[in-house]
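Here is a short tour of the structure shown below. Keep the viewer open and follow along, section by section.

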Amino acid sequence: VSIAGKVTVFVNTPTPKDWRRHHATIKTNDRAFAEAAAQHLKKKGLTNFGFIGSPLNERWSVARMRFFRAALKDMGFSVSVFNEIPPSDWLAHQEALIAWLEKLPKPCGIWAAFDQRAKHIIDACNSAEIAIPDQIQVLGTDNETYICEQTLPSLSSIMPDFESGGFAAAQYIDSHLNKKASGEKTKKTLLFNLKGVVERLSSADVNGTARHVELARDFIRKHATSGIDVPSVAAAIGTSTR
């Protein structure tokens, strides 16, 4: 605070003990995400499932895998997990990923711990000529549109409710400032949930108008500057102009 040309600085550095007493963590509700993923893929009539997590097997990724496996176990299904740590040679890692995909019983639904990892699945399927969504259906996490809408086919993904997480964090800080000042313990973990699943072509129904719409969107996205028209879109997705 500057008063009459003077600056007074107040510094309050908490000790490690104080820090352990007064802090909160906010993170995604991994159980809710995993259960939503299991429900979404099961609704497709699938009986085979897979999971791919973070390449370094971080704790949050392992938690999502375990909750996903538990949710499907309750439904009477098992999960194949790809958790190989990538070698320095990315091509060798991709070959291992393709080998895993080829061994999976088809059709199969795969949930990825985050969207970039789901893109790895789609790229590997394209390289191995494994049809998506006919043989493999892919679901990502975080709904990063710059990834989801640029993959071919486009990627379905779980959308976190980041906004509610921000509100929860602000509300917690506001309500606990006085408690912290009084020395009351305020350590806590806050969870925020998801808004839902944004479905795109990677998990769209194999038959029906929903798939036609997603096929058309992918074709338009890929050929937007090529002078396409309605008949060319219809021909690309195998339907009539009507």
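## Ground rules

Two residues are in contact when heavy atoms of theirs lie within 4.5 Å. The model is a predicted one, in which local features need pLDDT of at least 70 and side-chain atom pairs count only at pLDDT 80 or more, while totals for chains, interfaces and linings use all residues. Residues are numbered from 1 along each chain as its sequence is written, and side-chain values use heavy atoms, with hydrogens and water left out.

## The chain as a whole

Nine helices and 10 strands make up the secondary structure of the protein chain; these are DSSP runs numbered from the N terminus, with helices (H or I) of at least four residues and strands (E) of at least two. Of its 242 residues, 36% count as buried. Buried here means under 20% relative accessible area, exposed means over 50%, and partly exposed is in between, using a 1.4 Å probe and protein chains only.

The accessible surface comes to about 14,100 Å², and carbon and sulfur atoms hold 53% of it. Such areas come from the Shrake-Rupley method with a 1.4 Å probe, and for residues only the protein chains shown count as cover. Among contacts between residues at least 6 apart in sequence, 73% join residues at least 24 apart.

## The sheet and its helices

An open sheet of six strands runs in the order S5-S4-S6-S7-S8-S10, with mixed pairing; two strands pair if DSSP finds at least two bridges between them. S5 (79-82) and S10 stand at the edges with a single partner strand each, so one side of each is left without a neighbour in the sheet. On average, neighbouring strands are turned by 20° against each other, direction ignored. Inside the sheet, S7 and S8 (residues 156-160) run parallel and are joined by three bridges. Gly 140 has Ser 157 of S8 as its bridge partner.

Helix H2 (residues 30-42) lies across S4 (49-52), S6, S7, S8 and S10, running at about 160° to S6. H5 also packs on the sheet, touching S4, S5, S6, S7 and S8, and its direction makes about 160° with that of S7. For these angles, axes are lines fitted to C-alpha atoms, for helices over the stretch in contact, and angles run from 0 to 180 degrees between N-to-C directions.

## Nonpolar cores

A nonpolar core is a set of buried Ala, Val, Leu, Ile, Met, Phe, Trp, Tyr and Cys residues joined through side-chain atoms within 4.5 Å. The largest has 21 residues, and those with the most contacts inside it are Leu 97, Trp 100, Leu 101, Ile 110, Ile 121, Ile 136 and Val 138. Two or more residues come from each of helix H4 (90-103), strand S6 (108-112), helix H5 (115-128) and strand S7 (136-141). H5 gives the largest share, five residues.

Beyond four places in sequence, Leu 97 touches Ile 52, Phe 82, His 120, Ile 121 and Ala 124. Another core, of 17 residues, lies apart from the largest one, and includes Leu 41, Met 65, Phe 68 and Ala 71.

## Around Leu 155 and Ser 202

Leu 155 sits in the loop between helix H6 (145-148) and S8, and is buried at a relative accessible area of 0%. Leaving aside neighbours within four places in sequence, Leu 155 is in contact with Asp 115, Ala 118, Ile 122, Val 138, Leu 139, Gly 140, Cys 148, Arg 200 and Ser 202. Leu 155 and Ile 122 are 33 residues apart in sequence, with C-alpha atoms 8.4 Å apart.

Ser 202 belongs to the loop between strand S10 (194-198) and helix H8 (209-223). Ser 202 counts as buried too, at 0% relative accessibility. A polar atom of the Ser 202 side chain lies 2.6 Å from the backbone oxygen of Val 138.

Most residues other than glycine have a negative phi, and most peptide bonds are trans. The bond from Leu 152 to Pro 153 is cis, with omega near 0°, and the bond from Lys 106 to Pro 107 is cis with omega near -10°.

Glu 129, in the loop between H5 and S7, has a positive phi of about 60° and is exposed at 72% relative accessible area. Asn 143, in the loop between S7 and H6, has a positive phi of about 50° but is buried at 10%.

Note on methods:
A polar contact is a pair of N or O atoms within 3.5 Å; within protein, one must be able to donate a hydrogen and the other to accept it, and residues adjacent in sequence count only if both atoms are side-chain atoms.
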